[in-house]
Amino acid sequence: MIKVIDLHKYFGDLEVLKGINNEINKGEVVCIIGPSGSGKSTFLRCLNLLEVPTKGEILINGVSIIGSIKNPKKLNELRKNIGMVFQQFNLFPHMTAIENITLAPMKVLKMGKEQAESKALELLDKVGLTDKAYEYPSRLSGGQKQRVAIARTMAMNPDIMLFDEPTSSLDPEMVGEVLEVIKTLALEGMTMVIVTHEMGFAREVSDRILFMDEGIIYEEGKPSEIFNNPQRPRTREFLSKVL
Amino acid sequence: MDLIYSIYRVLSDKIYFSFIKENRFMYLVDGWVISIQVTVLAALLGIIIGLVVAIVKISGKSPFAQVADWYVSIIRGTPVVVQLTIIYYVILADVSLPRTIVATIAFGINSGAYVAEIIRAGILAVDKGQTEAGRSLGLSEAKTMRYIIIPQAIKNILPALGNEFIILLKETSVSGYIALDDLTKGATLIRSVTYESFTPLITVAYIYFIMTAMLSAGLSKFERRLRASD
């Protein structure tokens, strides 16, 4: 579904991604782990072109997306199908939860207001926040905000969902409720790429783990292989520190 | 007692002499109307110019952006009196326009540069994550601006814009340099017939102060209401 070939990314003179190759299949849940500064988030943000790769190729369903950077229509079309959930939630503070969710379906998919709202309520029910539909984000806890953000992304019926450290800015007691929602999505067969520091969660939910270090995918494998029997020294060193 | 009485006598004489006699207060009334006219029209012109310039500057690397940069630097780097006199005596020297219009154009062009910076700063102050969230949902750049960025930027922009208009109101007091009879010039006209400076100047200062104080009060009330919705 997603094929990445020799992806490089520079910020000025700094080479953040040094040639990433990987393939992510439909319905697969892939977690990316690794030390900070290893390029995890940059790699994820290249997949929906929030970061423009310096070199390399990304194919989605066999079609190169790099060319869409200069074509606003194609770019919006691409992003419609790739949802993203951010570390800082990025809810729109001037809109209620339900308005946050219905904005894109109404303005991008041209869905009617009633239809968009009934779908939004359905999604809010799914993330357990029906009673918060008409609250503004400032009145929600971190965990509730992130669940609304996930519902907002799902409202576009994306084929792929990207999660950029979805629990890193949450208080510890709220991490569970968000991971629970992501787990439900995984069970429903959503294709997901998740950058995370929650090792227990990564082990439980993912089909495959990518361990990134210094701009490359240093080791990859099934969760059981990576966590129980890492093959390479830096993977071992990292896991011994975080587990 | 005698002292207070004599101060009272002197003041009431001065007030009679400066304002009542020969209806001299009409210099201030007429001048006040012109000052208000110029301020309001220049403010509107300033908003239009500022909006266009801010959009050009934010949208980046067009040749217009360079021009917009120059415009803002030149206006902010030179005194408003100099700009006003250049527009009246140099640029529009051969065009016969009413002075009120010339002053409106000059102050509008001046205010536009400051308004542009206010709008630009207000838009840039909205967290970058908001744009990313909008774009990642497939909203176009224009729709992201319209539905997500602008509504949040307005909260940053409006209070600063109110301040700009208070400044503008005071700056129109140099309109006398192009022989426009505004409020400040009204005081000068009274002085020139009475040779009495104290009452007209203090009165004019007081009128400006009352106007700006009222604007400030309205503004802080408005700001409180904006904040209440957070």
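# Reading a two-chain model

The count between chain B and chain A is one salt bridge.

Student: What kind of model is this, and which residues make that salt bridge between chain B and chain A?

Tutor: The model is predicted. The bridge joins the side chains of B:Glu132 and A:Arg45, with N to O at 2.7 Å. A:Arg45 belongs to helix α1 of chain A and B:Glu132 to helix α6 of chain B, so this pair ties two chains together.

Student: Are A:Arg45 and B:Glu132 buried or exposed?

Tutor: Buried means under 20% relative accessible area. A:Arg45 has 11%, so it counts as buried. B:Glu132 has 13% and is buried too.

Student: How do I read the rest of the contact between chain B and chain A?

Tutor: Start with the residue counts. On chain B, 18 residues are in contact with 25 residues of chain A. Then take the area. About 1800 Å² is buried between the two chains, and carbon and sulfur atoms give 59% of that. B:Ser136, B:Leu137 and B:Tyr147 supply 34% of the area that chain B buries against chain A, more than any other three residues. Polar contacts come next: six residue pairs, both at pLDDT 80 or more.

Student: Which elements of chain B give two or more residues to the side that touches chain A?

Tutor: They are α6 (128-136) and α7 of chain B. The most comes from α6(B), with seven residues.

Student: Now the sheet. What is the general idea of strand pairing?

Tutor: Strands pair through backbone hydrogen bonds, in a parallel or an antiparallel sense. In chain A, six strands form an open sheet with mixed pairing, in the order β6-β7-β8-β3-β9-β10. β6 (82-85) and β10 (216-221) of chain A are at the edges; each has a single partner strand, so one side of each lacks a neighbour in the sheet. Neighbouring strands are turned by 20 degrees against each other on average, direction ignored.

Student: In which sense do β7 and β8 of chain A pair?

Tutor: Parallel. Five bridges link β7 (residues 160-164) of chain A with β8 (residues 191-195) of chain A. A:Phe163 is opposite A:Ile194 in β8(A).

Student: Which helices pack on the sheet?

Tutor: Helix α1 (residues 40-47) of chain A is one of them, and it touches β3 (29-33), β6, β7, β8 and β9 (208-213) of chain A. Its direction makes about 150 degrees with that of β7(A). Helix α6 (residues 172-187) of chain A also packs on the sheet, touching β3, β7 and β8 of chain A. The angle between the directions of α6(A) and β8(A) is about 145 degrees.

Student: How do β9(A) and β10(A) run?

Tutor: Antiparallel, joined by five bridges. A:Phe211 faces A:Glu219 in β10(A). The hairpin has two residues between the strands, and A:Glu214 takes a positive phi near 50 degrees there.

Student: How many salt bridges does the structure hold over all chains?

Tutor: 20. One of them joins A:Arg208 and A:Glu28 at 2.7 Å, N to O. A:Arg208 is in strand β9 of chain A and A:Glu28 in the loop between β2 (14-24) and β3 of chain A, 180 residues apart. Both are buried. Next, A:Lys126 meets A:Glu188, again at 2.7 Å, N to O. This pair links helix α4 of chain A to the loop between α6 and β8 of chain A, across 62 residues. A:Lys126 is partly exposed at 40%, and A:Glu188 is partly exposed at 49%.

Student: Which residues of chain B does a salt-bridge network join?

Tutor: B:Lys57, B:Asp69, B:Arg76, B:Glu117 and B:Arg120. Shared partners connect them into one network.

Terms used: Residues numbered from 1 in each chain as written. Chains lettered and ligands numbered in written order. Predicted model: local features only at pLDDT ≥ 70, side-chain atom pairs only at ≥ 80, totals over all residues. Heavy atoms only, no water. Pairing = 2+ DSSP bridges. Helix = DSSP H or I, 4+ residues; strand = E, 2+ residues; numbered from the N terminus. Axes fitted to C-alpha atoms, helices over the stretch in contact; angles between N-to-C directions. Contact = heavy atoms within 4.5 Å. Buried area = accessible area lost by both parts, 1.4 Å probe. Salt bridge = Lys/Arg side-chain N within 4 Å of Asp/Glu carboxyl O. Polar contact = N/O pair within 3.5 Å; in protein donor to acceptor, adjacent residues only side chain to side chain. Buried < 20%, exposed > 50% of the residue type's maximum accessible area, 1.4 Å probe, protein only.
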